[in-house]
Amino acid sequence: MAHEDDALAHERASWQPSSGLAVAVKDPVKAPVLPPHRERMTDKDPAAMKRAVRTVYTLFYLSVAGSIAAIVAYFAFPIESGRLTDIRYNNLFIGLGIALALLAIGIAAIHWSKAIMADKEHIEPRHATRGKDTTRVAVVEAFRTANEESGFGRRALIRNGLFAALVASILPGITLFRGLAPFDSTENPIAGNPVALLEHTMWGEGMRLALDPTGEPIRAADVTLGSAFHVIPEPLAELSHEEGYLEEKAKAIVLLMRLRPEDLPAETNRLDWTYDGIVAYSKVCTHVGCPVALYEQLTHHLLCPCHQSQFDVANGARVIFGPAARPLPQLPITVDDEGYLVAQSDFTEPVGPSFWERR
(Lines give C-alpha, C1' and ligand atoms only; values in the text may rest on other atoms or scores of the structure.)
Protein backbone atom coordinates (compact mmCIF):
# COMPACT_ATOMS: atom_id res chain seq x y z
CA MET A 1 0.00 0.00 0.00
CA ALA A 2 2.89 2.34 0.62
CA HIS A 3 3.94 1.99 -2.98
CA GLU A 4 0.43 2.86 -4.17
CA ASP A 5 0.32 6.02 -2.02
CA ASP A 6 3.89 7.17 -2.66
CA ALA A 7 5.38 6.54 -6.08
CA LEU A 8 8.91 7.11 -4.73
CA ALA A 9 8.69 4.99 -1.62
CA HIS A 10 10.48 2.04 -3.20
CA GLU A 11 13.37 4.29 -4.28
CA ARG A 12 13.89 6.41 -1.20
CA ALA A 13 16.05 3.85 0.54
CA SER A 14 18.60 3.91 -2.29
CA TRP A 15 18.79 7.72 -2.08
CA GLN A 16 20.22 7.65 1.44
CA PRO A 17 24.02 8.06 1.26
CA SER A 18 26.18 5.69 3.25
CA SER A 19 28.09 7.01 6.24
CA GLY A 20 31.33 6.76 4.33
CA LEU A 21 30.10 8.99 1.51
CA ALA A 22 28.23 11.69 3.41
CA VAL A 23 29.80 15.13 2.96
CA ALA A 24 28.86 18.27 4.88
CA VAL A 25 28.63 21.28 2.57
CA LYS A 26 28.77 24.84 3.96
CA ASP A 27 26.62 26.34 1.20
CA PRO A 28 24.19 23.62 0.14
CA VAL A 29 22.01 24.18 -2.90
CA LYS A 30 18.68 25.62 -1.87
CA ALA A 31 15.49 24.16 -3.13
CA PRO A 32 14.11 26.38 -5.91
CA VAL A 33 10.87 28.19 -5.22
CA LEU A 34 8.32 29.51 -7.65
CA PRO A 35 7.90 33.26 -8.06
CA PRO A 36 4.61 34.80 -6.97
CA HIS A 37 1.82 34.13 -9.41
CA ARG A 38 0.91 37.06 -11.66
CA GLU A 39 -2.58 37.17 -13.05
CA ARG A 40 -3.03 37.93 -16.74
CA MET A 41 -5.40 40.54 -18.06
CA THR A 42 -7.70 37.79 -19.31
CA ASP A 43 -7.85 36.36 -15.78
CA LYS A 44 -8.99 39.69 -14.33
CA ASP A 45 -11.14 41.12 -17.13
CA PRO A 46 -13.96 39.00 -18.71
CA ALA A 47 -14.03 41.37 -21.68
CA ALA A 48 -10.35 40.69 -22.32
CA MET A 49 -11.06 36.95 -22.20
CA LYS A 50 -13.79 37.36 -24.80
CA ARG A 51 -11.46 39.34 -27.03
CA ALA A 52 -8.80 36.65 -26.72
CA VAL A 53 -11.29 33.91 -27.60
CA ARG A 54 -12.49 35.92 -30.58
CA THR A 55 -8.91 36.45 -31.74
CA VAL A 56 -8.08 32.75 -31.58
CA TYR A 57 -11.03 31.47 -33.57
CA THR A 58 -10.67 34.34 -36.03
CA LEU A 59 -7.10 33.24 -36.68
CA PHE A 60 -8.25 29.66 -37.21
CA TYR A 61 -10.79 30.74 -39.80
CA LEU A 62 -8.19 33.03 -41.36
CA SER A 63 -6.11 29.87 -41.77
CA VAL A 64 -9.04 28.24 -43.57
CA ALA A 65 -9.18 31.25 -45.89
CA GLY A 66 -5.45 30.90 -46.60
CA SER A 67 -5.88 27.23 -47.52
CA ILE A 68 -8.77 28.06 -49.84
CA ALA A 69 -6.74 30.88 -51.39
CA ALA A 70 -3.90 28.45 -52.14
CA ILE A 71 -6.31 26.09 -53.91
CA VAL A 72 -7.84 28.97 -55.89
CA ALA A 73 -4.35 30.18 -56.87
CA TYR A 74 -3.51 26.71 -58.18
CA PHE A 75 -6.35 26.89 -60.68
CA ALA A 76 -6.20 30.65 -61.31
CA PHE A 77 -2.51 30.58 -62.31
CA PRO A 78 -1.95 27.29 -64.21
CA ILE A 79 1.58 26.40 -65.23
CA GLU A 80 0.75 24.14 -68.18
CA SER A 81 1.72 26.91 -70.60
CA GLY A 82 5.32 26.69 -69.40
CA ARG A 83 5.69 30.48 -69.39
CA LEU A 84 7.99 31.84 -66.70
CA THR A 85 5.45 34.44 -65.54
CA ASP A 86 2.76 31.82 -65.06
CA ILE A 87 5.11 29.63 -63.04
CA ARG A 88 6.20 32.64 -60.96
CA TYR A 89 2.64 33.69 -60.10
CA ASN A 90 1.62 30.10 -59.44
CA ASN A 91 4.43 29.58 -56.94
CA LEU A 92 3.98 33.03 -55.36
CA PHE A 93 0.27 32.90 -54.62
CA ILE A 94 0.16 29.22 -53.67
CA GLY A 95 3.08 29.83 -51.32
CA LEU A 96 1.41 32.88 -49.78
CA GLY A 97 -1.83 30.96 -49.23
CA ILE A 98 -0.12 28.00 -47.56
CA ALA A 99 2.09 30.33 -45.49
CA LEU A 100 -0.97 32.22 -44.24
CA ALA A 101 -2.76 28.97 -43.40
CA LEU A 102 0.11 27.52 -41.36
CA LEU A 103 1.16 30.82 -39.76
CA ALA A 104 -2.37 31.56 -38.59
CA ILE A 105 -2.64 28.13 -36.96
CA GLY A 106 0.66 28.66 -35.15
CA ILE A 107 -0.18 32.15 -33.89
CA ALA A 108 -3.67 31.05 -32.79
CA ALA A 109 -2.29 28.06 -30.87
CA ILE A 110 0.28 30.22 -29.06
CA HIS A 111 -2.27 32.93 -28.21
CA TRP A 112 -4.71 30.26 -27.02
CA SER A 113 -2.14 28.78 -24.64
CA LYS A 114 -0.90 32.12 -23.33
CA ALA A 115 -4.14 34.05 -22.95
CA ILE A 116 -6.96 31.52 -22.50
CA MET A 117 -5.69 28.25 -21.07
CA ALA A 118 -5.25 28.01 -17.31
CA ASP A 119 -2.16 29.88 -16.13
CA LYS A 120 -0.57 28.41 -13.06
CA GLU A 121 2.86 27.18 -12.10
CA HIS A 122 3.63 23.86 -10.49
CA ILE A 123 6.59 21.64 -9.73
CA GLU A 124 6.48 18.09 -11.01
CA PRO A 125 8.51 15.79 -8.75
CA ARG A 126 10.56 12.95 -10.11
CA HIS A 127 8.74 9.70 -10.04
CA ALA A 128 9.39 6.09 -10.80
CA THR A 129 9.10 4.98 -14.42
CA ARG A 130 7.10 1.95 -13.40
CA GLY A 131 3.44 2.42 -14.24
CA LYS A 132 0.73 1.62 -11.69
CA ASP A 133 -3.03 1.72 -11.54
CA THR A 134 -2.91 5.02 -9.72
CA THR A 135 -0.72 6.43 -12.49
CA ARG A 136 -3.28 5.46 -15.10
CA VAL A 137 -6.01 7.10 -13.09
CA ALA A 138 -3.86 10.19 -12.77
CA VAL A 139 -3.33 10.33 -16.54
CA VAL A 140 -7.07 10.22 -17.15
CA GLU A 141 -7.52 12.94 -14.57
CA ALA A 142 -4.79 15.00 -16.24
CA PHE A 143 -6.61 14.83 -19.57
CA ARG A 144 -9.87 15.78 -17.86
CA THR A 145 -8.20 18.70 -16.11
CA ALA A 146 -6.49 19.83 -19.32
CA ASN A 147 -9.81 19.78 -21.14
CA GLU A 148 -11.42 21.79 -18.37
CA GLU A 149 -8.63 24.34 -18.07
CA SER A 150 -8.13 24.82 -21.82
CA GLY A 151 -11.84 25.12 -22.46
CA PHE A 152 -11.48 22.72 -25.39
CA GLY A 153 -14.74 20.98 -24.61
CA ARG A 154 -16.63 24.16 -23.72
CA ARG A 155 -15.41 26.67 -26.28
CA ALA A 156 -17.04 25.33 -29.43
CA LEU A 157 -15.95 28.19 -31.68
CA ILE A 158 -12.26 27.66 -30.88
CA ARG A 159 -12.52 23.88 -31.12
CA ASN A 160 -14.40 23.91 -34.40
CA GLY A 161 -12.11 26.59 -35.78
CA LEU A 162 -9.08 24.46 -34.95
CA PHE A 163 -10.58 21.40 -36.66
CA ALA A 164 -11.53 23.42 -39.73
CA ALA A 165 -8.09 25.03 -39.98
CA LEU A 166 -6.24 21.72 -39.65
CA VAL A 167 -8.41 19.99 -42.24
CA ALA A 168 -8.24 22.92 -44.64
CA SER A 169 -4.44 23.20 -44.30
CA ILE A 170 -4.08 19.72 -45.86
CA LEU A 171 -6.22 20.51 -48.91
CA PRO A 172 -3.63 22.68 -50.78
CA GLY A 173 -1.10 19.86 -50.60
CA ILE A 174 -3.64 17.34 -51.89
CA THR A 175 -4.61 19.73 -54.68
CA LEU A 176 -0.98 20.13 -55.75
CA PHE A 177 -0.77 16.39 -56.44
CA ARG A 178 -2.99 17.03 -59.44
CA GLY A 179 -0.07 18.75 -61.13
CA LEU A 180 1.99 15.55 -61.07
CA ALA A 181 -0.15 13.98 -63.79
CA PRO A 182 0.04 15.13 -67.42
CA PHE A 183 -2.92 16.89 -68.99
CA ASP A 184 -4.63 16.21 -72.29
CA SER A 185 -4.30 18.97 -74.86
CA THR A 186 -5.34 19.66 -78.44
CA GLU A 187 -1.81 18.86 -79.62
CA ASN A 188 -1.62 15.69 -77.50
CA PRO A 189 -5.10 14.34 -76.70
CA ILE A 190 -3.77 11.25 -74.87
CA ALA A 191 -1.24 13.02 -72.66
CA GLY A 192 -3.21 12.15 -69.52
CA ASN A 193 -3.80 8.49 -70.43
CA PRO A 194 -0.83 6.35 -69.28
CA VAL A 195 -2.12 3.21 -70.97
CA ALA A 196 -2.46 4.92 -74.34
CA LEU A 197 0.93 6.58 -73.93
CA LEU A 198 2.68 3.28 -73.24
CA GLU A 199 0.75 1.20 -75.75
CA HIS A 200 2.91 2.31 -78.69
CA THR A 201 6.61 3.15 -78.98
CA MET A 202 8.92 4.27 -81.81
CA TRP A 203 9.56 0.71 -82.91
CA GLY A 204 8.15 -0.23 -86.30
CA GLU A 205 8.56 -2.84 -88.98
CA GLY A 206 12.06 -2.85 -90.50
CA MET A 207 13.51 -0.38 -87.98
CA ARG A 208 17.11 -1.26 -87.12
CA LEU A 209 18.26 -1.95 -83.59
CA ALA A 210 21.02 0.47 -82.56
CA LEU A 211 23.41 0.83 -79.64
CA ASP A 212 22.47 3.21 -76.86
CA PRO A 213 23.37 6.07 -76.98
CA THR A 214 25.44 6.23 -80.18
CA GLY A 215 22.71 5.00 -82.53
CA GLU A 216 25.08 2.64 -84.34
CA PRO A 217 23.17 -0.25 -86.00
CA ILE A 218 23.85 -3.75 -84.66
CA ARG A 219 24.77 -6.69 -86.87
CA ALA A 220 23.54 -10.08 -85.71
CA ALA A 221 27.08 -11.46 -86.18
CA ASP A 222 28.41 -8.93 -83.62
CA VAL A 223 26.13 -10.18 -80.83
CA THR A 224 28.26 -12.78 -79.08
CA LEU A 225 26.94 -15.63 -76.94
CA GLY A 226 26.16 -14.44 -73.40
CA SER A 227 26.39 -10.76 -74.29
CA ALA A 228 23.84 -8.06 -73.45
CA PHE A 229 23.34 -4.82 -75.38
CA HIS A 230 21.38 -1.71 -74.42
CA VAL A 231 19.40 -0.94 -77.56
CA ILE A 232 17.34 1.95 -78.97
CA PRO A 233 15.58 2.43 -82.33
CA GLU A 234 18.04 3.79 -84.89
CA PRO A 235 16.00 6.98 -85.62
CA LEU A 236 15.91 7.88 -81.91
CA ALA A 237 19.52 9.09 -81.92
CA GLU A 238 18.52 11.83 -84.37
CA LEU A 239 15.85 13.30 -82.08
CA SER A 240 16.63 16.34 -79.93
CA HIS A 241 15.50 16.78 -76.35
CA GLU A 242 12.95 19.35 -77.51
CA GLU A 243 11.48 16.75 -79.87
CA GLY A 244 10.93 14.26 -77.05
CA TYR A 245 14.17 12.26 -77.05
CA LEU A 246 13.95 11.25 -73.39
CA GLU A 247 10.23 10.46 -73.50
CA GLU A 248 10.59 8.19 -76.52
CA LYS A 249 13.71 6.52 -75.18
CA ALA A 250 12.02 5.78 -71.85
CA LYS A 251 9.41 3.72 -73.69
CA ALA A 252 11.47 2.14 -76.48
CA ILE A 253 14.65 1.13 -74.60
CA VAL A 254 15.42 -2.58 -75.09
CA LEU A 255 17.87 -5.11 -73.70
CA LEU A 256 19.31 -7.48 -76.34
CA MET A 257 20.82 -10.86 -75.35
CA ARG A 258 22.10 -13.93 -77.15
CA LEU A 259 21.53 -17.41 -75.82
CA ARG A 260 22.16 -20.79 -77.38
CA PRO A 261 19.12 -21.68 -79.51
CA GLU A 262 18.67 -24.91 -77.53
CA ASP A 263 18.29 -22.82 -74.34
CA LEU A 264 15.06 -21.34 -75.73
CA PRO A 265 12.36 -24.02 -75.44
CA ALA A 266 9.59 -23.63 -78.01
CA GLU A 267 6.83 -24.21 -75.45
CA THR A 268 7.73 -21.04 -73.45
CA ASN A 269 9.13 -18.79 -76.18
CA ARG A 270 8.03 -17.14 -79.40
CA LEU A 271 10.86 -18.48 -81.56
CA ASP A 272 9.57 -16.58 -84.61
CA TRP A 273 10.34 -13.38 -82.65
CA THR A 274 14.00 -14.37 -82.16
CA TYR A 275 16.97 -14.81 -84.48
CA ASP A 276 19.57 -17.52 -83.92
CA GLY A 277 19.19 -17.32 -80.11
CA ILE A 278 19.07 -13.50 -80.05
CA VAL A 279 16.13 -12.10 -78.04
CA ALA A 280 15.06 -8.54 -77.27
CA TYR A 281 12.95 -7.52 -74.27
CA SER A 282 11.78 -4.19 -72.93
CA LYS A 283 14.20 -2.78 -70.40
CA VAL A 284 11.36 -1.15 -68.43
CA CYS A 285 10.35 -3.22 -65.40
CA THR A 286 6.67 -4.17 -65.28
CA HIS A 287 6.54 -3.33 -61.56
CA VAL A 288 7.13 0.44 -61.34
CA GLY A 289 9.22 1.13 -64.44
CA CYS A 290 12.80 0.85 -63.18
CA PRO A 291 15.51 -0.16 -65.69
CA VAL A 292 16.03 -3.93 -65.79
CA ALA A 293 19.70 -3.93 -66.68
CA LEU A 294 21.43 -6.66 -64.66
CA TYR A 295 21.86 -9.82 -66.73
CA GLU A 296 23.17 -13.07 -65.26
CA GLN A 297 24.69 -15.02 -68.13
CA LEU A 298 24.76 -18.49 -66.55
CA THR A 299 21.14 -18.55 -65.35
CA HIS A 300 19.75 -16.26 -68.09
CA HIS A 301 18.05 -14.16 -65.41
CA LEU A 302 17.39 -10.44 -65.56
CA LEU A 303 17.31 -8.52 -62.27
CA CYS A 304 15.61 -5.22 -61.54
CA PRO A 305 17.83 -3.44 -58.97
CA CYS A 306 15.00 -1.34 -57.51
CA HIS A 307 12.73 -3.99 -55.98
CA GLN A 308 14.52 -7.22 -56.87
CA SER A 309 12.10 -8.55 -59.49
CA GLN A 310 13.71 -11.31 -61.55
CA PHE A 311 12.80 -12.42 -65.07
CA ASP A 312 13.78 -15.66 -66.83
CA VAL A 313 14.95 -14.76 -70.34
CA ALA A 314 15.10 -18.43 -71.36
CA ASN A 315 11.36 -18.75 -70.68
CA GLY A 316 9.73 -15.71 -72.22
CA ALA A 317 11.06 -13.32 -69.53
CA ARG A 318 8.43 -14.59 -67.09
CA VAL A 319 8.58 -13.38 -63.49
CA ILE A 320 10.34 -15.80 -61.17
CA PHE A 321 10.76 -13.55 -58.13
CA GLY A 322 9.67 -10.16 -56.83
CA PRO A 323 6.65 -7.87 -57.11
CA ALA A 324 6.46 -7.55 -60.91
CA ALA A 325 3.03 -8.64 -62.14
CA ARG A 326 3.79 -9.80 -65.69
CA PRO A 327 6.68 -10.77 -68.01
CA LEU A 328 8.72 -8.15 -69.82
CA PRO A 329 7.20 -7.32 -73.23
CA GLN A 330 9.19 -8.90 -76.06
CA LEU A 331 10.22 -7.03 -79.22
CA PRO A 332 9.87 -9.23 -82.31
CA ILE A 333 13.17 -9.13 -84.25
CA THR A 334 14.77 -10.54 -87.38
CA VAL A 335 17.61 -9.51 -89.74
CA ASP A 336 17.56 -7.49 -92.96
CA ASP A 337 19.40 -8.20 -96.20
CA GLU A 338 22.58 -6.61 -94.85
CA GLY A 339 22.65 -8.71 -91.69
CA TYR A 340 21.48 -5.95 -89.35
CA LEU A 341 18.99 -6.72 -86.62
CA VAL A 342 15.62 -5.09 -87.27
CA ALA A 343 12.25 -5.04 -85.53
CA GLN A 344 9.37 -6.97 -87.06
CA SER A 345 6.87 -4.59 -85.45
CA ASP A 346 6.27 -2.54 -82.34
CA PHE A 347 5.69 -4.26 -78.99
CA THR A 348 2.41 -6.15 -79.06
CA GLU A 349 1.51 -5.04 -75.51
CA PRO A 350 2.05 -1.85 -73.48
CA VAL A 351 5.47 -1.49 -71.90
CA GLY A 352 6.13 -0.36 -68.35
CA PRO A 353 4.32 -0.77 -65.03
CA SER A 354 1.10 -2.73 -64.77
CA PHE A 355 -1.53 -0.07 -64.10
CA TRP A 356 -4.97 -0.88 -62.74
CA GLU A 357 -6.38 -0.65 -66.29
CA ARG A 358 -4.43 -3.73 -67.33
CA ARG A 359 -2.73 -6.71 -65.73
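Here is the tour, stop by stop.

**Before you click.** This is a predicted model, in which local features need pLDDT of at least 70 and side-chain atom pairs count only at pLDDT 80 or more, while totals for chains, interfaces and linings use all residues. Residues are numbered from 1 along each chain as its sequence is written, and side-chain values use heavy atoms, with hydrogens and water left out.

**Stop 1: a cis peptide bond.** Select aspartate 212 and proline 213: the peptide bond that joins them is cis, with omega about 10°. Proline 213 sits in the loop between β1 (209-211) and β2 (228-233). Strands here are DSSP runs of E with at least two residues, numbered from the N terminus. As background, most peptide bonds are trans, and most residues other than glycine have a negative phi.

**Stop 2: two positive phi values.** Move on to aspartate 276, in the loop between β3 (254-258) and β4 (278-282). Its phi is near 50°, a positive value in a residue other than glycine. Aspartate 276 is partly exposed, at 45% relative accessible area; that term covers values between the buried class (under 20%) and the exposed class (over 50%), computed with a 1.4 Å probe on protein chains only.

Next, pick histidine 300, in the loop between β5 (294-296) and β6 (301-303). Phi is positive here too, about 60°, although histidine 300 is not a glycine. Is histidine 300 buried or exposed? With 15% relative accessibility, histidine 300 counts as buried.

**Stop 3: the disulfide.** Now show the cysteine side chains. The structure holds 1 disulfide, a term used for a pair of cysteine sulfur atoms within 2.5 Å. Cysteine 290 and cysteine 306 form it, with their sulfur atoms 2.4 Å apart. The torsion about the S-S bond is -105°, a left-handed link. This pair connects distant parts of the chain, 16 residues apart: cysteine 290 is in the loop between β4 and β5, and cysteine 306 in the loop between β6 and β7 (310-312). Cysteine 290 is buried at 12% relative accessibility, whereas cysteine 306 is partly exposed at 39%.

**Stop 4: two cysteines without a bond.** Finally, select cysteine 285, which is in no disulfide. Cysteine 285 is buried, with a relative accessible area of 1%, and cysteine 304 is buried with 1%.

Key. Helices (H or I, at least four residues) and strands (E, at least two) are DSSP runs, numbered from the N terminus.
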